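Please examine the sequence and the structure shown here. The paragraphs that follow lead through selected parts of the fold.

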Amino acid sequence: MVAAVQCGADAIYLGAGDFNARRSAENFGGELEAAVGYCHARNAKAYVTLNTMVRQGELTRLERTIEEICRAGADGVIVQDFGVARCVHQMAPSLPLHASTQMAVHNPQGVDFLVKNGFSRVVLAREMEYAEIARCAGRGAELEVFVHGALCVSCSGQCLLSSMIGGRSGNRGLCAQPCRMKYRMDGREGYLLSTKDLCGLEGLTALVQAGADSLKIEGRLKRPEYVALTTSVYRAALDDPKFDMVKARAELAQMFNRGGFTRGYGFGVEDAELMYPLRPNHMGVRIGECHNPGELRLDAAVDAGDALVLRRRGRDDLPVRLGDAAPGRVALPAAKRGDALYRLVSQAQMRDLQARFTAERKKFPVDIRLELQPGAPARIAISDGTHSAECTGEVVQTAQNKPSDPARIRSQLEKLGDTPFVLRNTEMQIDPMAYLPVSALNALRRQAVELLIAARMGVPHACAAMEPAPEFPCEKNRPDELTAQSGDPEVLRRALDAGADRICFAPEDLRTNALNAALKELPEAFDLALPPVTDEAALRILNEWALENSGRIQRVYLANVGQLGLTWPGERVADASLNLANSFSLQQMADWGISLYTPSLELNRSQIDALGGRRQLIVYGAIPLMQLRHCPLRATQQICGKHSLCRRCDSVPMEQKIDAKSLTDRTGAAFPLRRIASDGGCVIQLLNSAKLMLLRKAASLPACEGWRLLLDKTDDVETVVRLHRLAMNGSDVRSDPAWDAFSKQNTTTGHYFRGAE
């Protein structure tokens, strides 16, 4: 925090307690008020992150956290959970609401809906082009955009990979980063889901022109020197006409880089440029190489305290030590021909950066008025032009020997070195024979400064008690409606013939011709499941298509905030990707006219039971774990060109399409890939390696109105539907002839019986 503020940040965002997306960080806890005060005293804003999914049993702690934020006088809160947003707005209507990137807002429709519902700022999804950002600008909310730091490979808020395979939820601030592990695809192995870190310097002008109001640096879980450098660099890039981008990029690379940097999505993402498959951690900077065994040629000076490694193909890094060394040839017995020397940490850089934030650099001019009259208390007033403070000190004495010295007194008033102030003007009304000891004058100055700092800290927000948690009784004890969902019309017809009560079309090609072609193959009546990630044009096309065919569509499953404000035919249903986990979220949905919902897939049985309400459970199928706005196949094969212009899968044989590929992890688990095509570029879904299957414990599932089956061409559709119909009717599925073979599939019960941290 200190490094960010001292090095030029206009604002910081920080975590307090357990409801933030970096729960493993130290966070601020009881120091929140002091942290906000530190920022405000230096004209910086402090935003608090409440950007995790909150469960029903945590609402009391949430209330206490909101109260603490209000007492601290924070400038806003960043939220993901609709229920949290509702609580903040109800308890503290003066506290500004910012939509977290965890909401996955990536189109103007999402911005419009949030503006209508009281959000003053939207942190846009990282996966947006500058043209997309520009279309979100000027709609009533400030836009905040990431410009530097670690990139999630999946759209934020839409990643279940960490929780499903490791029990640690990214939506709960405990992501274990399985995307930074090795995977195999098409005979290639590497860190195929590991993105380079984002460096937005090249696109900074374009980003500002697109309408970004706030530029965000990802700085949590990083050392203060990292924050000092990145903040200084972007401050200079914005303000200094002589900014040296080449030098800045070199400094940033030395601090931290993953195989260099990516420009990200702004100019139009290039799949291969986004990723670095050779290593997932800090690459360091190459500063030397070995041409002769036992000898290195250094291209840069080395400090004795630098962290250095010798890097050789096919071998782990070998840490080495060199003393202070100038560029040239140096002896290193461990070096072999072809080895390269990399510097991971530069002590010179660290010393320079520490100097930038260990001393007070934020200085604001103040005016001081001092009155010293014998027999009266010393009086001082201090003002920064907006805030002011006055106080009195010891009684002024009469000088016994020589008159008071105004120059000496002014020099004492100037001693503001460890404060955020510098003296601009002084006004002194001093009797020539007034005498005040230096210690008393210094104490008076310090008291005045403390009062001015207090005046600059801002005002706490008024905070009411949280409303009682709403109760939603579960209307049905047993499910009586079986819904089959698929992107394949033939699969849906088969499911309907096999006994499904409803069928739900989840389109995998959002282009108009593909939608119309699917319509001809679909049964007369069907439900529609919307994908969680659609750009503005694709969502508009899908919405218009749905309205044109409103007579056939009975329900629409909404999967993203951008879909909530649009008109849809039939009954609207909140889908699992909206991450509903508490009754305040259900109340908010009800206010928006949505009563049927699918709870978050990261809740266990008891947590779902605590919600109540009209709900439907997903009980079978391949669960999407990631939503990718790049193509892993193109990245792995190093195919050049912009992702949005690729139409490769429209023309190649089936075995070469992305839908025929999977990513295999170090345990041998294969995660299939699914393409959601659109005119603006594909979204690729990473599916779980094991299909969800709950039939063994069907009697122990939470009460609900219905079950939903996620089906595809790999399923024995008739068997899946028949077995679930038997279980729904209370029959023993193990008596069915197909059960033995069906039960031997690689399946999972998800989080229904184990939950996620």
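A polar contact is a pair of N or O atoms within 3.5 Å; within protein, one must be able to donate a hydrogen and the other to accept it. The model to which this term is applied here is a predicted one.

The side chain of serine 169 forms a polar contact of 2.9 Å with the side chain of glutamate 602. A polar atom of the serine 169 side chain also lies 3.1 Å from the backbone nitrogen of arginine 172. Residues touched by serine 169 include Ser163, Leu174, Ala756 and Glu757. Between the C-alpha atoms of serine 169 and cysteine 159 the distance is 8.6 Å, and the two are 10 residues apart in sequence.

Aspartate 535 is buried but has no salt bridge. The nearest side chain of opposite charge belongs to arginine 629, 4.5 Å away, whereas a salt bridge requires the charged atoms to be within 4 Å. The side chain of aspartate 535 reaches the backbone nitrogen of alanine 537 at 3.3 Å, and one of its polar atoms lies 2.7 Å from the backbone nitrogen of alanine 538. Among the residues that aspartate 535 touches are His106, Asn107 and Glu132.

Helix H9 (residues 224-239) has 16 residues and spans 22 Å from its first C-alpha to its last, close to the 22 Å expected. Buried residues in H9 include Glu225, Tyr226 and Val227.

Note on methods:
Residues numbered from 1 in each chain as written. Predicted model: local features only at pLDDT ≥ 70, side-chain atom pairs only at ≥ 80, totals over all residues. Heavy atoms only, no water. Buried < 20%, exposed > 50% of the residue type's maximum accessible area, 1.4 Å probe, protein only. Lys, Arg positive; Asp, Glu negative; His and termini not counted. Contact = heavy atoms within 4.5 Å. Helix = DSSP H or I, 4+ residues; strand = E, 2+ residues; numbered from the N terminus. Expected span 1.5 Å × (residues − 1). Lists of a residue's contacts leave out its neighbours within four places in sequence.
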